[in-house]
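Visitor: Hi, could you walk me through this one? I'm new to it, so please take it slowly.

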Amino acid sequence: MGQYFESDPAVKSQIQAVELVLPDGSIELTTDRGVFSADRVDGGTKLLLLDGPEPTPGDQHLLDVGCGYGPIACTLARRNPQATVWAIDVNGRARDLCQANAEARGLDNIRVHAPEDVPADLMVDRIWSNPPIRVGKAVLHEILQQWLARLSPAGSAHLVVQKHLGADSLHRWLETEGWAVDRRASRKAFRLLDVTRP
Ligand SMILES: C[S@@+](CC[C@H](N)C(=O)[O-])C[C@H]1O[C@@H](n2cnc3c(N)ncnc32)[C@H](O)[C@@H]1O
């Protein structure tokens with residue numbers, strides 16, 4: 001069994017559907033083996049979508065770092081029809097699923113890309129992410145440094161991280177990197193962190 005962050009998962013495809021149930025709307029999403037949390041919507045992702053901030057009507061560009069099959073990106077696109085949602089992932093199978101899920105829901109404001117294909121000058125208002133902790137600390141830090149740098153001056157990032165996978169050490173590291181970090185929620189096994197420019 002490979003890792004969910006492989007670019008081209010070798011594991012045989014086995015398509016299935018999962019339900020994402022939220023108070024403001026539920027959707028069915030197609031998933032597959034070889035992508036993160038294929039059997040059910042991850043508890044951290046659900047917490048982020050339940051407890052994350054309300055949409056800001058003026059937002060133009062939103063970014064989901066590590067979109068997987070698209071539960072965050074599709075929800076952001078539905079809640080922010082005026083905005084473009086950039087959904088990025090290194091896993092090609094995940095990108096295909098995210099694209100298919102967006103199309104099946106008629107969400108034409110999602111752009112699904114490999115990270116290297118995002119326009120170099122794109123700045124974003126919000127980042128929402130259940131980041132890939134399992135890639136290891138060094139790679140995770142690189143990913144976060146790369147994409148937090150794309151936040152507009154008044155922008156913010158909203159990250160969900162499992163407590164036992166280092167949420168508090170990530171919080172401290174972000175502060176040492178000069179970001180302002182606020183713990184928005186701590187529920188069950190997860191922490192939800194808001195990150196802004198100081
Ligand atoms: C914890 S999963 C979250 C997936 C999805 N957002 C969800 O909530 O179900 C993290 C995702 O990050 C992706 N990922 C790993 N390394 C990445 C990188 N360097 N850039 C972008 N995405 C990456 C993984 O392939 C995986 O899909």
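Predicted model: local features only at pLDDT ≥ 70, side-chain atom pairs only at ≥ 80, totals over all residues.

Visitor: Okay, so is Ala-149 buried or exposed?

Guide: Ala-149 has 8 C-beta neighbours inside 10 Å, and because the limit for exposed is 12 or fewer, this residue counts as exposed. Ala-149 belongs to the loop between helix H4 (137-148) and strand S7 (151-162).

Visitor: How far apart in space are Ala-149 and Gly-106?

Guide: From C-alpha to C-alpha they are 31 Å apart, with 43 residues separating them in sequence.

Visitor: And what about Asp-121, where is that found?

Guide: Asp-121 sits in the loop that runs between S5 and strand S6 (124-129), and with 6 other C-beta atoms within 10 Å it is exposed as well. Its C-alpha atom is separated by 8.4 Å from that of Arg-150, although the two residues are 29 residues apart along the chain.

Visitor: Let's turn to the sheet. In which order do the strands come?

Guide: There is an open sheet of 7 strands, and its order is S5-S4-S3-S6-S7-S9-S8, with mixed pairing. Strand S5 (110-113) and strand S8 (180-187) stand at the edges, where each has a single partner strand, so one side of each is left without a neighbour in the sheet. On average, neighbouring strands of this sheet are turned by 15° against each other, if direction is ignored.

Visitor: Then how does S4 pair with S5, parallel or antiparallel?

Guide: Strand S4, which covers residues 84-88, runs parallel to S5 and is joined to it by 4 bridges; in one of these pairings, Val-85 has Ile-110 of S5 as its bridge partner. S4 also pairs with strand S3 (residues 61-65), again in the parallel sense, over 5 bridges, and there Leu-62 stands opposite Val-85.

Visitor: Is S4 enclosed or open, then?

Guide: S4 is largely enclosed by the rest of the structure, because 4 of its 5 residues are buried.

Visitor: You mentioned S3. What can you tell me about Leu-63 in that strand?

Guide: Leu-63 of strand S3 has 27 C-beta neighbours inside 10 Å and therefore counts as buried. If its neighbours within four places in sequence are left aside, Leu-63 is in contact with Trp-86, Val-124, Ile-127, Trp-147 and Arg-150. Leu-63 and Gly-155 are 92 residues apart in sequence, while their C-alpha atoms are 11 Å apart in space.

Visitor: Moving on to helices, at what angle do H1 and H2 pack?

Guide: Helix H1 (residues 43-51) and helix H2 (residues 71-79) pack at an angle of about 15°, and their axes are 10 Å apart. The two helices are therefore roughly parallel to each other, and H1 passes H2 in a right-handed crossing.

Visitor: Which residues make that contact?

Guide: On H1 the contact is made by Thr-45, Leu-48 and Leu-49, and on H2 by Pro-71, Ile-72 and Thr-75. Among the residues of this contact, 4 are nonpolar, 2 are polar and none are charged.

Visitor: How many residues of H2 are buried?

Guide: In H2, 8 of the 9 residues are buried, so this helix is largely enclosed by the rest of the structure. The buried residues include Cys-74, Leu-76 and Arg-78.

Visitor: Last one: which loop holds Ser-37, and what is its phi?

Guide: Ser-37 lies in the loop between S2 and H1, and although this residue is not a glycine, it has a positive phi of about 50°. Ser-37 counts as partly exposed, with 17 C-beta neighbours inside 10 Å. Lys-188, another residue other than glycine, has a positive phi near 50°; Lys-188 is in the loop between S8 and strand S9 (190-196), and with 11 C-beta neighbours inside 10 Å it counts as exposed.

Methods
Residues numbered from 1 in each chain as written. Pairing = 2+ DSSP bridges. Axes fitted to C-alpha atoms, helices over the stretch in contact; angles between N-to-C directions. Parallel < 35°, antiparallel > 145°, perpendicular 65-115°, else oblique. Left-handed = near helix turned anticlockwise from the far one by under 90°. Contact = placed C-beta atoms within 7 Å. Nonpolar A, V, L, I, M, F, W, Y, C, P; charged D, E, K, R; others polar. Buried ≥ 20, exposed ≤ 12 C-beta atoms within 10 Å, placed from the backbone.
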